[in-house]
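Reader: Could you walk me through this one? I would like to begin with the ligand and then move on to the strands.

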Amino acid sequence: MSVSRMMAGILQQGTHPFPYAILICWGAGNALPSRSLSISICLSHMTVPYLREASSADLPALVDLENAAFAGDRISRRDWRHLLTSPSALVIVSDDAAGLTGCSVILTNRRTAVARLYSLAVAPRARRQGIAQALLQQAIASSAGTGAHLLRLETRSDNLPAQALFSRHGFRPFKRVANYYEDGAEAIRFQRLIDHDCLRQSALQ
Ligand SMILES: CC(C)(COP(=O)(O)OP(=O)(O)OC[C@H]1O[C@@H](n2cnc3c(N)ncnc32)[C@H](O)[C@@H]1OP(=O)(O)O)[C@@H](O)C(=O)NCCC(=O)NCCS
C-alpha cells in the first residue's frame with residue numbers, strides 16, 4: 001500500500017453550532033517505514049459526515065451509488081473491484097444508517113507528484129448537506145499525505161454544481177478537452193495546488 005490512508009470521524013459538541021471533525025491519517029507500506037499518526041481538528045459551518053476508507057464489502061453499494069449519481073461514463077463493477085485493491089487508489093466513502101451517501105476516488109502517481117480526483121459522487125437523497133465538500137477536503141488532505149503537490153480533476157463543462165463546488169475549494173480551470181465523455185460532451189480540467197505548510201500547520205493546532 002503506497003498511498004496514505006485517512007479516515008475522518010466527528011465529535012459533535014453538544015449544542016455548539018460548529019461540529020468538530022477529527023481527521024486521522026497514516027502512511028504505510030513502502031511510503032513510510034513505520035506507521036505514523038497525526039491528528040488535525042477542523043471547524044466547519046456544515047454538518048461533517050463520517051468518512052471512512054471503503055472495503056470490498058462496499059462494492060455493491062458503490063455500484064448502486066454510481067448508477068444513481070451519473071447518467072453515463074460510469075465506473076463499472078469490474079473497475080470498482082480494481083480500485084478497491086489498487087495500491088495507487090484511495091476510495092473514501094461517507095455513509096449513514098440507510099447506506100452510502102457519497103464517495104471519492106483519488107489516484108496517485110508517485111513519479112509525477114500529481115494526484116487525480118478520479119471520481120466524486122453524492123447520492124441524490126443526501127445532496128446539499130456538505131458531503132461533497134467534506135469528501136473534497138479529505139481528498140486534498142489525502143493527496144498531501146502522498147506527497148502530491150497538485151490535485152487535478154475533470155468535470156463536464158455543463159456540470160455547473162460541480163464547477164461551483166470545485167471553484168469554491170480553490171480549484172482553477174486550466175484546460176478544455178473536446179469530446180471527452182461518451183456522449184461527446186466537453187470536459188474542463190481543474191487543478192489546485194496543495195499547500196503542505198498550511199496543511200501541516202492546521203494538523204498541529
Ligand atoms: C456535485 C455533487 C458532488 C455535489 O454534492 P453535494 O454533497 O450536494 O455538495 P455540497 O452539499 O458539499 O455543496 C458544497 C457547495 O458546492 C456547490 N454546489 C453543490 N451543489 C450545487 C448545486 N446543485 N448548484 C449550485 N451549487 C452547488 C455550492 O457552492 C455548495 O455550497 P452551498 O450548499 O453552501 O451553496 C453532487 O451534486 C453529485 O454527486 N452530482 C453528480 C455527480 C457529479 O457531478 N460529480 C462531480 C463531478 S465528477
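Author: The largest share of the shell around the ligand comes from H4, which gives five residues; helices (H or I, at least four residues) and strands (E, at least two) are DSSP runs, numbered from the N terminus. Please keep in mind that this is a predicted model, in which local features need pLDDT of at least 70, side-chain atom pairs count only at pLDDT 80 or more, and totals for chains, interfaces and linings use all residues. Residues are numbered from 1 along each chain as its sequence is written.

Reader: Which elements give two or more residues to the shell around the ligand?

Author: Those elements are strand E7 (114-122), helix H3 (131-145) and helix H4 (160-168).

Reader: OK, switching to strands: why is E6 largely enclosed?

Author: Strand E6, residues 99-107, is largely enclosed by the rest of the structure because seven of its nine residues are buried, where buried means that 20 or more other C-beta atoms, placed from the backbone, lie within 10 Å of the residue's own.

Reader: And how many bridges join E5 to E6?

Author: Eight bridges join strand E5 (residues 89-96) to E6, and the two run antiparallel; strands pair if DSSP finds at least two bridges between them. A hairpin links E5 to E6 through two residues, and Asp 96 has Gly 99 in E6 as its bridge partner.

Reader: What about E6 and E7?

Author: E6 and E7 also run antiparallel, joined by six bridges, and Gly 102 has Val 122 in E7 as its bridge partner. Their hairpin has six residues between the strands, and Ala 113 in the turn has a positive phi of about 60°.

Conventions
Buried ≥ 20, exposed ≤ 12 C-beta atoms within 10 Å, placed from the backbone.
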